[in-house]
Amino acid sequence: MEKEELQKVLLEQIDFRRRLEQEFHALKGTSPFPVFHNFQDQMKRELAYREEMVQQLQMIPYANILRKEKISSHLNK
């Protein structure tokens with residue numbers, strides 16, 4: 001996948017997650033941010049999730065390089 005495709009998938013997943021959380025809170029009958037400290041906790045979780053996604057996206061080019069090296073080493077045998 002190209003970087004643009006991965007970013008599109010990431011944004012779709014973020015939007016899907018946000019909608020699921022809203023539906024969950026609607027079914028549960030609670031507000032997603034009942035008090036300020038819960039808002040901060042949610043933002044910390046969201047930031048950690050996004051940082052993890054960025055790290056995973058950064059690993060993809062490295063994985064492609066390793067795969068190409070492995071293929072080329074097999075072809076050279």
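Is arginine 50 buried, partly exposed or exposed, and what is its relative accessibility? At 40% relative accessibility, arginine 50 counts as partly exposed, where buried means under 20% relative accessible area, exposed over 50% and partly exposed in between (1.4 Å probe, protein chains only). The model is predicted, with local features requiring pLDDT of at least 70 and side-chain atom pairs pLDDT 80 or more, while totals for chains, interfaces and linings use all residues. Residues are numbered from 1 along each chain as its sequence is written, and side-chain values use heavy atoms, without hydrogens and water.

Helices are DSSP runs (H or I, at least four residues) numbered from the N terminus. Helix α1 covers residues 3-28, 26 residues in total. From its first C-alpha to its last, α1 reaches 37 Å, close to the 38 Å expected; the expected span is 1.5 Å times one less than the number of residues. Leu6, Leu10, Ile14 and His25 of α1 are buried. Helix α2 comprises residues 36-75 and contains isoleucine 60. Isoleucine 60 is partly exposed, at a relative accessible area of 31%. Its C-alpha atom is separated by 9.3 Å from that of lysine 3, 57 residues apart along the chain.

The whole structure holds 4 salt bridges, each defined as a side-chain nitrogen of Lys or Arg within 4 Å of a carboxyl oxygen of Asp or Glu. Glutamate 46 is buried, with a relative accessible area of 13%. Salt bridges with shared partners join Asp15, Arg18 and Arg19 into one network. Within helix α1, aspartate 15 and arginine 18 lie 3 residues apart, and their side chains meet at 2.4 Å, N to O. Aspartate 15 is partly exposed at 28%, as is arginine 18 at 39%.

A further salt bridge links arginine 17 and glutamate 21 (3.2 Å, N to O). The two are 4 residues apart in α1, about one helical turn. An α-helix has 3.6 residues a turn, so residues three or four places apart point the same way. Arginine 17 has a relative accessible area of 24% and glutamate 21 a relative accessibility of 27%; arginine 17 is partly exposed, and glutamate 21 also counts as partly exposed. The charged end of arginine 17 additionally sits over the ring of tyrosine 49, 4.2 Å from its centre; the criterion is NZ of Lys or CZ of Arg within 6 Å of the ring centre and within 35 degrees of the ring normal.
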